[in-house]
Amino acid sequence: MEVMNNVENVKTQMRRGVLEYCILSILSKKDSYASSILSELKDARMIVVEGTIYPLLIRQKNQGLLTYRWEESPQGPPRKYYQITDKGRQALAEMDSAWQELVETIRLLREK
C-alpha cells in the first residue's frame with residue numbers, strides 16, 4: 001500500500017511540474033478562458049482541480065507570460081480570456097527544449 005501511495009505522490013508532483021508548460025501550450029494555439037483550459041487539460045487526462053489553475057494563471061500573468069481581456073459571454077457573466085504574450089512564447093520554446101532534453105535523458109537512463 002505504501003508503494004502505491006508513493007507512486008501516486010510522484011505522479012501528482014510530475015503533473016504539478018508540467019502544468020504551467022501545459023497551460024502555455026494550450027494558449028499558444030488559441031486564447032481561452034480558465035474553465036475551457038481546465039476542460040482541455042481534463043480531455044488530455046491531466047487531472048487538475050479548479051483551485052489549482054487560477055493561481056498559476058495569475059502567476060504567469062504577473063511574469064508577463066500571459067495577458068487577458070474580458071469578453072461578453074452568450075450565457076452568464078463576461079469571461080476573462082487569457083492569451084500568451086511574446087515573452088510567453090519564448091518561455092514555451094525554452095520549455096519545449098527542456099522537455100525534449102528531459103525525455104531524452106530518461107530514455108537513455110531506461111535503456112542502460
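Colleague: How many positive and negative side chains are there, and how far apart do the centres of the two sets lie?

Modeller: In this predicted model, the protein has 17 positive and 15 negative side chains. Lys and Arg count as positive, Asp and Glu as negative, and the centres of the two sets lie 2 Å apart.

Colleague: What makes β2 and β3 a pair?

Modeller: Two strands pair if there are at least two bridges between them. β2 and β3 (residues 79-84) have six, in the antiparallel sense, so they qualify as a pair. One example is threonine 67, whose bridge partner in β3 is glutamine 83.

Colleague: And why are β1 and β2 said to stand at the edges?

Modeller: The open sheet has three strands in the order β1-β3-β2, with antiparallel pairing. β1 (32-33) and β2 (66-71) each have a single partner strand, so one side of each is left without a neighbour in the sheet.

Colleague: Why does β1, at 32-33, count as a strand?

Modeller: A strand needs at least two residues, and β1 covers 32-33, so it makes the cut-off.

Colleague: What share of the residues counts as buried?

Modeller: Buried means under 20% relative accessible area, and 27% of the 112 residues fall in that class. As for the accessible surface, about 8000 Å² in total, carbon and sulfur atoms hold 54%.

Terms used: Residues are numbered from 1 along each chain as its sequence is written. This is a predicted model: local features need pLDDT of at least 70, side-chain atom pairs count only at pLDDT 80 or more; totals for chains, interfaces and linings use all residues. Side-chain values use heavy atoms; hydrogens and water are left out. Helices (H or I, at least four residues) and strands (E, at least two) are DSSP runs, numbered from the N terminus. Buried means under 20% relative accessible area, exposed over 50%, partly exposed in between (1.4 Å probe, protein chains only). Accessible areas come from the Shrake-Rupley method with a 1.4 Å probe; for residues, only the protein chains shown count as cover. The place of a charge is taken as NZ of Lys, CZ of Arg, CG of Asp or CD of Glu.
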